[in-house]
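Welcome, and please open the model in your viewer. We will go from one selection to the next.

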Amino acid sequence: MNLDLKRSTWQRVAFGDVVRNVNETVRDAKARGIDRVIAMEHMDPAELGIQRWGDIADGTTFTRRVRPGQTLFGKRRAYQRKVAYATFDAICSGDIYTFEANETRMLGDFLPFIVQADPFFDHALGTSAGSLSPRTNWRDLAKFEFDLPPLDEQKRIADLLWAIGRHRAEVANFRVAVGESQGPLMTLEADSFITVEDVATTARSGATPPRSNPAFYGGDIPWLKSGEVTGDGIATTEERITEAGLAGSATWLAPAGAIVVAMYGDGKTRGQVGRIAVPMCTNQAVLALVPDDSRAHPDFLYYWLRSRQQELRAKGAGAAQKNLSKGLVVSEPFPEMSLETQAATAKRIEALDDAQTHAAREADHLLQVRAALMSHVFGGS
């Protein structure tokens, strides 16, 4: 990556010579018209924007003031790489430093990238003290040395990095909008509802071949567990069992295209819905559904159940761990509608899924471009 940087004009400086650690306190934030509170949990690693905050009305013991244009740095557990750029007035935690650039030597828009770069974090980590909750202090951070470009070159670099950040934010907003638009497609006003059991020719969970028999494992037959049903499409597994394992247990070989539901697990696993692309066995914690293609379009049944993952998760029963059962899953309502309507709806959702996938790839690519640019300009990995 060549930005035609004129490094011969860059000046070696200490961080404390061009940045001020502002420690302004406010005792009555509400009287000053300040209604937001920023804690460490409101700052996301690698993201300069602040998307979440607390409400002053809910009460806070924080007193450090945040002003627009300041760069925020989480001094506690610096390895979390929490840096943010303030765009509004707020009160923040005492574990957050509020930095301001000396605008005669450094642009305020350039400062967050210095703080976000690897060399600064390496210095912060190297000067942190404490075992359970290590903290770095301003005195040590002020000694950090780096090469500072002239103001015009700072602007060029900052403009490019901010443009990448804005585009990533637009892509993220697009992904959210696409995700939200899928909900209405599945909120259908069908004339009547039947159940999932009515539109599945088979609904069956599998089993675990006895681990004590090594002849049951290491074969060619994929064997799926509940944690491998991730709710984002095709479910895959690395583990294989043998023909003997298939015959020596109560498991079965679900056909390609079957819809799988994770029935056991924590709140993130239970109720997840996926599909399998090849014939596959499942363990007892995964229910495989084979659609009756005379009553349910396979794609539509998958998207319908996927849209009801939260409802499925909430239906888990049990004291120690809430699990789903076959009866709970197959009793889910299913809209009674023509196969043509089901197919058209599934096609629209598939298009939205594709749009989300492309957006995710673009966001990842932008993150890689940004990382390469940061490394080129500031050094580090």
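Predicted model: local features only at pLDDT ≥ 70, side-chain atom pairs only at ≥ 80, totals over all residues.

Which residues in α7 meet which residues in α10? Select D299, F300, Y303 and R306 in α7, then Q342, T345, A346, I349, E350 and D353 in α10: these are the residues that meet, with contact meaning heavy atoms within 4.5 Å. This contact divides into four nonpolar, two polar and four charged residues.

Residues are numbered from 1 along each chain as its sequence is written, and side-chain values use heavy atoms, leaving out hydrogens and water.

Now show α7 (residues 298-307) and α10 (residues 339-378) as whole helices (DSSP runs of H or I, at least four residues). Their axes, lines fitted to C-alpha atoms over the stretch in contact, lie 8 Å apart at an angle of about 65°, on a scale from 0 to 180 degrees between N-to-C directions.

Next, select F15, F73, F99, M106, F146 and F378. Of the 42 residues in the largest nonpolar core, these touch the most other members. Such a core is a set of buried (under 20% relative accessible area, 1.4 Å probe, protein chains only) Ala, Val, Leu, Ile, Met, Phe, Trp, Tyr and Cys residues joined through side-chain atoms within 4.5 Å. Its largest share, seven residues, comes from α10.

Finally, colour by confidence: the protein averages a pLDDT of 90, and 96% of the residues score at least 70.

Terms used. Helix = DSSP H or I, 4+ residues; strand = E, 2+ residues; numbered from the N terminus. Nonpolar A, V, L, I, M, F, W, Y, C, P; charged D, E, K, R; others polar. Buried < 20%, exposed > 50% of the residue type's maximum accessible area, 1.4 Å probe, protein only. pLDDT = per-residue confidence, 0-100.
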